[in-house]
Amino acid sequence: TGVRPEKNPVFKDVMGLPAELKDAALIKPVSATATAEPESFNGIHMSIDMNTETRWGSDREAELVVDFGAVQFMEKLGLCIWRGSSGQRSTSFDLYVSQDGVNYEKIFTGDSLNTSEWNILDCGKDVRYVKFHGYKNSENNWVNVFEVVGYGKGTAMVTNLK
């Protein structure tokens, strides 16, 4: 007919996404909150926008809470940390999970990898909320997270952070 269909503005080109965001078992968050958001151009919503070129950043110790909208089984959790693959920079953090947003269970304490932007952790629990408590990184007091995602049963993601 010569008339082109209107392009869906929500559609993202999956060819350009990293494998961690193309996994068939990917569980996307629906909202996020933070205890600090000093830069509007690195806002909290950027930690769940499925874009590894945007990030949430805090210049001090802070918490990021991600809501997946409903309790779901999470085989693994994925965190994409800024400058993670630099070979020099790691971020100190605790990771908690919760079904109700009130009672949290700590599942990780330590440092992110400095050899990979994506940190994949085992979870194996029913989860709705994930709380990332960032302390600082190995270069300064900043905490920067590109993305927080979950993976259900049958994920192809391999645990690299223990």
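Is Asp126 buried, partly exposed or exposed? Asp126 is partly exposed, at a relative accessible area of 42%. Here buried means under 20% relative accessible area and exposed over 50%, with partly exposed in between (1.4 Å probe, protein chains only). The structure is a predicted model, in which local features need pLDDT of at least 70, side-chain atom pairs count only at pLDDT 80 or more, and totals for chains, interfaces and linings use all residues. Residues are numbered from 1 along each chain as its sequence is written, and side-chain values use heavy atoms, with hydrogens and water left out.

The protein chain contains eight strands and zero helices. From the N terminus on, its elements run β-β-β-β-β-β-β-β. Its radius of gyration is 16 Å, close to the 15 Å that the globule rule gives for 162 residues, so the chain is as compact as a globular protein of that length. The radius is taken over C-alpha atoms, and the globule rule is 2.2 Å times the number of residues to the power 0.38. Helices (H or I, at least four residues) and strands (E, at least two) are DSSP runs, numbered from the N terminus. Along the principal axes, the C-alpha atoms fill a box of roughly 60 × 30 × 30 Å.

Of the 162 residues, 48% count as buried. The protein chain exposes about 8500 Å². Carbon and sulfur atoms supply 48% of that area, computed by the Shrake-Rupley method with a 1.4 Å probe; for residues, only the protein chains shown count as cover. Contact means heavy atoms within 4.5 Å. Among contacts with a separation of 6 or more, 76% come from residues 24 or more positions apart.

The protein chain carries 17 positive and 22 negative side chains. Lys and Arg count as positive and Asp and Glu as negative, while His and the chain ends are not counted. The centres of the two sets lie 2 Å apart, each charge being placed at NZ of Lys, CZ of Arg, CG of Asp or CD of Glu.

A disulfide is a pair of cysteine sulfur atoms within 2.5 Å. By this rule the count is zero. The sulfur of Cys80 is 18 Å from the closest cysteine sulfur, in Cys123, too far for a bond. Cys123 is likewise in no disulfide. Cys80 is buried, with 0% relative accessibility. Cys123 is also buried, at 12%.

Strand E7 spans residues 118-137 and includes Lys131. Lys131 is buried, at 16% relative accessibility. Beyond its neighbours within four places in sequence, Lys131 contacts Glu63, Leu64, Val65, Asp94, Leu95, Tyr96 and Tyr104. Asp126 also sits in strand E7. With the neighbours within four places again set aside, Asp126 contacts Val71, Gln72, Phe73 and Gln99. The C-alpha atoms of Asp126 and Gln99 are 6.9 Å apart, across 27 residues of sequence.

Two further residues lie outside the strands. Glu53 falls in the loop between strand E2 (31-34) and strand E3 (56-58). Glu53 is exposed, with a relative accessible area of 72%. Glu53 and Glu147 are 94 residues apart in sequence, yet their C-alpha atoms are 9.6 Å apart in space. Leu17 belongs to the segment before strand E1 (26-27). Leu17 counts as buried, at 19% relative accessibility. The C-alpha atoms of Leu17 and Asn141 are separated by 29 Å, and the two residues by 124 positions along the chain.
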